[in-house]
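This report describes the packing and the aromatic contacts of one protein model. Please keep the sequence and the structure in view while reading.

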Amino acid sequence: MKNSEFNILNNISKKEKSWKLLSKILVIGTFIVCCFSSFISYKLIKESQEKIYVLVNDYQLEAVRSTDIRESIGITTRGHINTFHELFYILQPDPFFIKKNIEDKALHLIDDSGMRLYNYLTEKEFYKDVIAGNYSTDIKTDKVDVDFSIYPFKFTFYGKQKIIKKNTITYRNLITTGTIRKTTAVTEKNTSSFIIENYKIENNKDIETIKRTDNSMKYGEF
């Protein structure tokens, strides 16, 4: 065989080896890209499944990422309990404000135990006193304990109530209990799909009454 023919064959063999090596590199590269894409897709899907939505400022929803389902439920249940207390106990001397917050909002977050309490306070003319006396009330949440070991979940709300009158401010304890469970559907007036049941006021005693001029950072900015 002539040298020229041998060189031609040798070049062809080298080219075949090069193409085989290139093919292997392409196959390995494609495999790595596919694995990486699959990992990214799985991660994105998992992260999207770990997002929940909690109630913020009535109907505005906020996405919250959590890797712990109990933590997610905890955020939602505590948010639901806090929202009910704010709507029910923050009052202004305005019948339309009271009706809107309690009848149109708060009572959709609780079972008939909320309606019974509302009717009792109405019969005692509590809301008439708020309007006639031209005073307002506010609350501060200290903490909300929820027991997730038994369903429906038992909760205890710890807070303070502030009654602001013309010349005085009265601070009261506000400790309430009840249970909270998941409902079957999300509604426009109950976006968290939880409902409070068996609601009771355990402690609503006065702490102290002070003159408004002495209300310098009493109990914080509350």
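## Model and confidence

This is a predicted model, in which local features need pLDDT of at least 70 and side-chain atom pairs count only at pLDDT 80 or more, while totals for chains, interfaces and linings use all residues. Residues are numbered from 1 along each chain as its sequence is written, and side-chain values use heavy atoms, with hydrogens and water left out.

The mean pLDDT of the protein is 82, and 73% of its residues reach 70 or more; pLDDT is the predictor's confidence in each residue, from 0 to 100. Over residues 54-62 the pLDDT is below 50, and this stretch has 20 contacts in the model beyond near neighbours in sequence. Contact here means heavy atoms within 4.5 Å. Where pLDDT is low, the predicted coordinates should not be read in detail.

## Nonpolar cores

A nonpolar core is a set of buried Ala, Val, Leu, Ile, Met, Phe, Trp, Tyr and Cys residues joined through side-chain atoms within 4.5 Å. Buried means under 20% relative accessible area, exposed over 50%, and partly exposed in between, with a 1.4 Å probe and protein chains only. The largest nonpolar core has 31 residues, and I81, F84, F88, I102, Y127, I196 and Y199 have the most contacts inside it. At least two residues of this core come from each of helix 2, helix 3 (95-102), helix 4 (112-123), helix 5 (126-133), strand 3 (136-147), strand 4 (153-164), strand 5 (168-182) and strand 6 (194-203). Helix 2 gives the most, with five residues. Helices (H or I, at least four residues) and strands (E, at least two) are DSSP runs, numbered from the N terminus. Another core, of five residues, lies apart from this one and includes I164, I169, Y171 and I210.

F88 is in helix 2 (residues 69-89) and counts as buried because its relative accessibility is 2%. Not counting residues up to four places away in sequence, F88 touches I102, A106, L107, G114, L117, Y118, L121 and Y127. With the same exclusion, I196 touches H80, I81, F84, L109, I110, D111, F155, T179 and I180.

## Aromatic pairs and charges over rings

The whole structure holds seven aromatic pairs. Rings of Phe, Tyr and Trp (its six-membered ring) pair if their centres lie within 6.5 Å; planes under 30 degrees apart count as stacked, over 60 as edge-to-face and the rest as tilted. F84 and Y199 form an edge-to-face pair, 5.2 Å centre to centre with 75° between the planes. F84 lies in helix 2 and Y199 in strand 6, so the pair ties together parts that are 115 residues apart in sequence. F84 is buried at 0% relative accessibility, and Y199 is buried at 7%. The rings of F88 and Y89 are also edge-to-face, because their centres are 5.2 Å apart and their planes are at 65°. F84, F88, Y89 and Y199 form one aromatic cluster.

A charge sits over a ring if NZ of Lys or CZ of Arg is within 6 Å of the ring centre and within 35 degrees of the ring normal. The charged end of K143 sits over the ring of Y158, 5.1 Å from its centre. K165 lies over the face of Y135, 5.0 Å from the ring centre.

## I163 in strand 4

I163 lies in strand 4 and is buried, at 7% relative accessibility. I163 and S136 are 27 residues apart in sequence, and their C-alpha atoms are 6.0 Å apart in space. Leaving aside neighbours within four places in sequence, I163 is in contact with Y135, S136, T137, T168, I169, T170 and R172.
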